[in-house]
Amino acid sequence: LRRSIMMRKRNQDISEGVYIPDIVFRELRIDVNNKFCYLHGLPLNLTKTEFDIIQLFLSHRNRIYSRQEIVTKVWGNSFSVTARAVDTCMTRLRKKLKDYSHFIYTHKSCGYGIVDEAHLPQQ
């Protein structure tokens, strides 16, 4: 019940034009309202899928998402997407993030997430 009330409120807020604050991680900034991503103040040319993935990761930093969770949260259940498509998107996203690509952590055979250096596992 609480979840459905929150979803209705969120949808109402969006339809009323409520401003959502930017998500900032060091020099990486996501303008959620206008669907733009900036690195060092310069816009990144991200696809919708890449934008949704980086927004998911930056909204929940230091959390690793399985490939299936990423598929569900980004593409939804209405699309037939393989887990390998996630790997392809992550490769392209890393190329576009350049010097920030090392913040995308790959947990072997588990998934991906954005992790601060302080939360990186010891190697």
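**Exercise 1. Determine what share of the protein is buried, and describe its overall architecture.**

Step 1. Of the 123 residues in the protein, 35% are buried, where buried means under 20% relative accessible area, exposed over 50%, and partly exposed in between (1.4 Å probe, protein chains only). The model is predicted: local features need pLDDT of at least 70, side-chain atom pairs count only at pLDDT 80 or more, and totals for chains, interfaces and linings use all residues. Residues are numbered from 1 along each chain as its sequence is written, and side-chain values use heavy atoms, with hydrogens and water left out.

Step 2. The secondary structure consists of 4 helices and 7 strands; these are DSSP runs numbered from the N terminus (helices H or I, at least four residues; strands E, at least two). Along the sequence they follow the pattern α-β-β-β-β-α-β-α-α-β-β.

Step 3. Among contacts with a separation of 6 or more, 48% join residues 24 or more positions apart; contact means heavy atoms within 4.5 Å.

**Exercise 2. Characterise the surroundings of Ile54.**

Step 1. Ile54 is located in helix 2 and counts as buried, because its relative accessibility is 0%.

Step 2. With neighbours within four places in sequence left aside, Ile54 is in contact with Leu28, Ile30, Leu46, Leu93, Leu97 and Ile114.

Step 3. For Leu93, the separation from Ile54 is 39 residues in sequence, while the C-alpha to C-alpha distance is 8.3 Å.

**Exercise 3. Describe the packing of helix 2 against helix 3.**

Step 1. The axes of helix 2 (residues 48-59) and helix 3 (residues 67-75) come within 10 Å and cross at roughly 115°. Axes are lines fitted to C-alpha atoms, for helices over the stretch in contact, and angles run from 0 to 180 degrees between N-to-C directions.

Step 2. Thr49, Asp52, Ile53, Leu56 and Phe57 of helix 2 make the contact with Ile70, Lys73, Val74 and Trp75 of helix 3.

Step 3. By class, this contact has 6 nonpolar, 1 polar and 2 charged residues (Ala, Val, Leu, Ile, Met, Phe, Trp, Tyr, Cys and Pro count as nonpolar; Asp, Glu, Lys and Arg as charged; the others, Gly among them, as polar).

**Exercise 4. Locate His40 and Ser109, and state their phi values and accessibility.**

Step 1. Most residues other than glycine have a negative phi.

Step 2. His40, in the loop between strand 3 (36-39) and strand 4 (42-44), has a positive phi near 55°. His40 is partly exposed because its relative accessible area is 41%.

Step 3. Ser109, in the loop between strand 6 (104-107) and strand 7 (111-114), also has a positive phi near 55°. Ser109 counts as exposed, since its relative accessibility is 72%.
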